[in-house]
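Take a look at the fold before reading on. The text below walks from the whole chain down to single side chains.

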Amino acid sequence: KLQFIKNFYFVHLKSLKTLYLNRNQISHLELESSNYFESLEFLDLSENMIFKLNANYLFRQIRHIKILKLNSNDELKKIFLDQEINIGSSLKELYFFKMEILNDYLFIRYLILNLLDLSYCSIRYLYKYAFYNLNEIKFLYLNNNFIKSLNSSLKNLKTLEVLDLRNNFLELITMNDFGELKLKTLKLDNNPLKIIEAINELFDNLQIVSLQNTSTDLISSIKYENFLYLKELFLDSNNLTDFEFFSYCKNLRILSLRNIKSKQMLHFNKFKEYFENIEEFDLSELQLDYNFSIIKNSPKIRFLSLKKVIISNINLNDFEDLKMDLRYSEELNTIDLSQNHIKIIKNWYFNFPNILFINLSTNQIETIEKDSFSNIKRLDFLDLSQNKLKFIEPNIIIVLNLDLSKNQFLDLGNLV
């Protein structure tokens with residue numbers, strides 16, 4: 001792996017536009033006077049150990065740089081604090097390194113910055129004007145840090161469309177924190193949130209919302225009508241007391257309810273008419289009440305996960321009723337039925353014309369009837385691992401990728 005970089009390495013590459021040097025052990029960038037990097041637009045120095053660098057000299061050379069990746073270089077913080085850095089005015093995407101405290105005016109020179117990635121930077125505190133002058137910022141990633149307060153630092157980012165605050169320590173988001181934001185995507189997963197002031201005003205423009213593992217009170221404070229224009233909604237691992245908002249989810253394309261906890265059984269049949277536009281549906285680890293005819297009303301569904309479900313009024317050992325509903329979904333290409341108690345696969349279960357991926361792992365399958373999968377012309381991956389299979393009929397499975405690990409086979413010669 002590379003440990004030193006000198007610019008004469010690139011003497012014959014003066015027209016170079018893209019350069020990846022990531023995932024090495026580079027500690028020194030020793031650059032002599034040259035114009036070797038004048039055409040460079042993309043530079044990835046991430047995941048190295050850079051501690052010796054004349055940063056201003058480097059950035060004078062790469063003055064036409066548009067995308068710069070410096071993340072996972074823990075020693076760069078000291079260099080940037082010691083030197084007054086002036087990165088080229090053409091920079092549009094910046095992936096930053098560890099910086100526990102974001103001081104005021106830290107990014108004031110990045111006038112046309114479009115994307116700023118500060119994820120996994122160990123950030124603990126944001127000063128109020130940390131993002132001052134980012135007048136064209138659209139994507140801001142602050143996920144996986146230690147942030148407890150936003151300190152009104154985001155309120156003037158009027159062009160911001162995507163904000164990722166997942167995996168922090170936020171408990172309260174005030175009205176001033178979001179100010180005049182007109183977000184299209186908001187991700188707040190895995191924060192101990194208790195309240196978001198003016199949360200309903202935020203929904204005016206939102207299309208994608210992720211509130212996985214947040215708070216029951218937070219979700220219940222959202223007005224039903226604010227779900228009407230959402231296209232993607234992720235509510236995994238929450239405690240829900242009210243499901244009436246489903247009645248307003250008419251435009252959803254993706255809905256994830258993995259591991260939802262509720263004292264009541266989830267009666268999907270009540271809301272089936274509202275899911276006609278759903279394309280991806282994750283219902284893993286749920287307690288469901290069948291009639292599962294919701295599928296009949298979702299003709300566009302492409303992905304369906306019923307992993308580790310607890311379904312009343314249907315026996316997954318022989319899921320004929322479920323299959324009768326699935327036959328209405330001609331677009332279905334991925335289905336996950338893993339971690340259930342299926343014992344037998346009948347030859348009419350998976351007659352979907354466009355199916356590509358089937359996951360039946362971690363069941364109790366002992367028998368696969370002849371021609372169960374042979375009529376699926378496009379099947380790319382079939383996972384039958386961790387079952388109780390001892391024998392499979394010859395030519396029963398025609399698939400490009402097959403996982404039969406952790407079964408009870410004595411001989412696989414009949415598959416050849």
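This is a predicted model: local features need pLDDT of at least 70, side-chain atom pairs count only at pLDDT 80 or more; totals for chains, interfaces and linings use all residues.

The chain has 6 helices and 29 strands. Of its 416 residues, 48% are buried. Among contacts with a separation of 6 or more, 43% join residues 24 or more positions apart. The accessible surface is about 20200 Å², and carbon and sulfur atoms hold 46% of that area.

Start inside. In soluble globular proteins, nonpolar side chains tend to be buried together. The largest nonpolar core here has 115 residues. Leu118, Phe131, Phe178, Phe350, Leu360 and Phe373 have the most contacts inside this core. The elements that give it two or more residues are α1 (55–61), α2 (76–82), α4 (199–202) and α5 (216–220). Take Phe178 as an example. Leaving aside residues up to four places away in sequence, Phe178 touches Leu150, Leu154, Lys155, Leu163, Leu165, Ile173, Leu186, Ile196 and Leu202.

Asn277 sits in the loop between β19 (266–267) and β20 (280–282). Asn277 counts as buried because its relative accessibility is 13%, under the 20% cut-off. What does its side chain reach? The side chain of Asn277 comes to 2.9 Å from the backbone oxygen of Lys250. A polar contact of 3.0 Å also joins the side chains of Asn277 and Lys300. Beyond residues up to four places away in sequence, Asn277 touches Lys250, Asn251, Leu252, Arg253 and Lys300.

Next, charge. Side chains of opposite charge can pair when their charged atoms come close. The whole structure holds 10 salt bridges. One of them pairs Glu180 with Lys158 at 3.7 Å, N to O. These two are 22 residues apart: Glu180 lies in the loop between α3 (175–178) and β14 (185–187), Lys158 in the loop between β11 (139–141) and β12 (162–164). Glu180 is partly exposed at 45%, whereas Lys158 is exposed at 53%.

Asp282 and Arg258 form another salt bridge, with the closest N and O atoms 2.8 Å apart. Asp282 is in strand β20, and Arg258 is in the loop between β18 (254–256) and β19, 24 residues apart. Asp282 is buried at 9%, but Arg258 is partly exposed at 25%.

Arg302 and Glu279 also meet in a salt bridge, at 3.2 Å, N to O. Arg302 lies in the loop between β21 (287–289) and β22 (303–305) and Glu279 in the loop between β19 and β20, so the pair ties together parts 23 residues apart in sequence. Arg302 is partly exposed at 29%, and Glu279 is partly exposed at 23%. Shared partners join Arg258, Asp282 and Glu285 into one salt-bridge network.

Conventions:
Residues are numbered from 1 along each chain as its sequence is written. Side-chain values use heavy atoms; hydrogens and water are left out. A nonpolar core is a set of buried Ala, Val, Leu, Ile, Met, Phe, Trp, Tyr and Cys residues joined through side-chain atoms within 4.5 Å. Buried means under 20% relative accessible area, exposed over 50%, partly exposed in between (1.4 Å probe, protein chains only). Helices (H or I, at least four residues) and strands (E, at least two) are DSSP runs, numbered from the N terminus. Contact means heavy atoms within 4.5 Å. A polar contact is a pair of N or O atoms within 3.5 Å; within protein, one must be able to donate a hydrogen and the other to accept it, and residues adjacent in sequence count only if both atoms are side-chain atoms. Accessible areas come from the Shrake-Rupley method with a 1.4 Å probe; for residues, only the protein chains shown count as cover. A salt bridge is a side-chain nitrogen of Lys or Arg within 4 Å of a carboxyl oxygen of Asp or Glu.
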